[in-house]
Amino acid sequence: MRQCFLSLILILMLLPGLEAAPRLELNTDRSDARYQPGETVTFTIRALDGDQELKHGKLVLILSRDGGEQFQKATVDLAAGTPPVMRGRLDRPGFLRLEAKLQENGRITARNVAGAACAPEQIRPVDNLPPDFKEFWTRARAAAAEQPLDPQLIPDPAHRRPGFRTYRVNFAAPGGRVYGFLSVPEGNGPFPALLSVPGAGWGEAGPEFRNGTVILTMNVHNYDNVDEPTRAQRFREQEQRLGRKPYYYEGADQGPEHFFYYRPLLGISRAAGWLAEQPYVRPGGIGYYGFSQGGGFGLMLTAITPEIREAVCHMPALCDHLAFLNARQPGWPQLLRNLQDTPALRKLAGYYDAVNFARLIHQPITVLVGFADTVCAPGSVYAAYNVIPSPRKRIIDEPLSQHGRGGAYWRAVQEMTARLNAGTTAAP
């Protein structure tokens, strides 16, 4: 039996389709990837096949201003044997992005991205603050509060975990409802409580769990995530209704009260207030954590929801929609790049720019940014962070990170949870 097993491993290793794919390693000449305007950034590039340097193929290298203005492109023949290097610099605060592609036999076989920060604390958003921004959302919250919240908790045995009570939940919201999941530790509590909104997509499949912590996970869609097949079908029906446009563009041509995010933003804000009032939740407020779309929601919700006492926003989306006017890449979903750029859409974008919500945040907040993030461009994240007036804010740089959740994010969430449990208000 052991001999057969070893033979199978040998056969699998020899199959051509299972060979290790080539990869590109990109690094800056400074470990923190931080520079000042006018300083030269040197990127080193290694094309590897396993642990060996590739001696064939071509590298296509592009330097840009954070995915916006492109100002340098080069092609390197690996057969020449010269170690590939790309140099560039910025004349003003921002991010220098290197995009690298490996071409072999006319096919792209590997890609990678690296970023270098140039005085990022000085990045300013492109101003699109509506003069009535604060008043608009104050009125919207007041109007939403006139509608009964109608909280519905449905026991969820499909996601039951020992030591927790689990529920599917939904609440009334302008133009529909908001849906999600609640996990509550067994016992009397009170426990620290967290609210979270997931990244973009068809929604979370179930509740999240942390020992000794209440977690309310709220989705943005106007349907209940009963099970995966039903959830997928409802997501497809939604796309068909929108003419296959992504959900996050729905209503963008109809004004701010009709935009897709109006309903979930107000509904989830009210759900946060409901959570903070539950007898099993420690008094004093709740925490928030989210990634990408959920990170952008964190900036928005923290600004308009007094019950949120502290937040962790990882690679937040929905930031600096007009960054393209400054030759930079806007944050996801790049409303004005992917839809028609009109004065009306620019106005709507101002009401849903997380930068403008960030201006109202006074609670402790942690923001994480990936220098190689091509979805939520680091310049857009810093543009939002830099306008937060809270004296208890911090930003965590992840120089090598592209768009994804990592250990630094979960450590920040754990630290916030410990502070909530201790009832402290110390800076994060």
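**Note on strand pairing and a helix contact**

1. Strand β8 (residues 94-104) pairs with strand β9 (residues 107-118) in the antiparallel sense over 11 bridges. Two strands pair if DSSP finds at least two bridges between them, and strands (E, at least two residues) and helices (H or I, at least four) are DSSP runs numbered from the N terminus. Leucine 98 has alanine 114 in β9 as its bridge partner.

2. The model is predicted: local features need pLDDT of at least 70 and side-chain atom pairs count only at pLDDT 80 or more, while totals for chains, interfaces and linings use all residues. Residues are numbered from 1 along each chain as its sequence is written, and side-chain values use heavy atoms, with hydrogens and water left out.

3. Five strands form an open sheet with mixed pairing, in the order β2-β9-β8-β5-β6. Because β2 (34-35) and β6 (70-77) stand at the edges with a single partner strand each, one side of each has no neighbour in the sheet.

4. In strand β1 (residues 23-28), Leu24, Leu26 and Thr28 point to one face and are buried (under 20% relative accessible area, 1.4 Å probe, protein chains only). β1 pairs with strand β3 (residues 41-49) in the antiparallel sense over six bridges, and asparagine 27 stands opposite threonine 44 in β3.

5. The axes of helix α4 (residues 262-276) and helix α5 (residues 293-304) come within 10 Å and cross at roughly 55 degrees; these axes are lines fitted to C-alpha atoms over the stretch in contact, with angles from 0 to 180 degrees between N-to-C directions. Contact (heavy atoms within 4.5 Å) is made by Pro264, Leu265, Ile268 and Ser269 of α4 and Phe297, Met300, Leu301 and Ile304 of α5.

Notes. Buried < 20%, exposed > 50% of the residue type's maximum accessible area, 1.4 Å probe, protein only.
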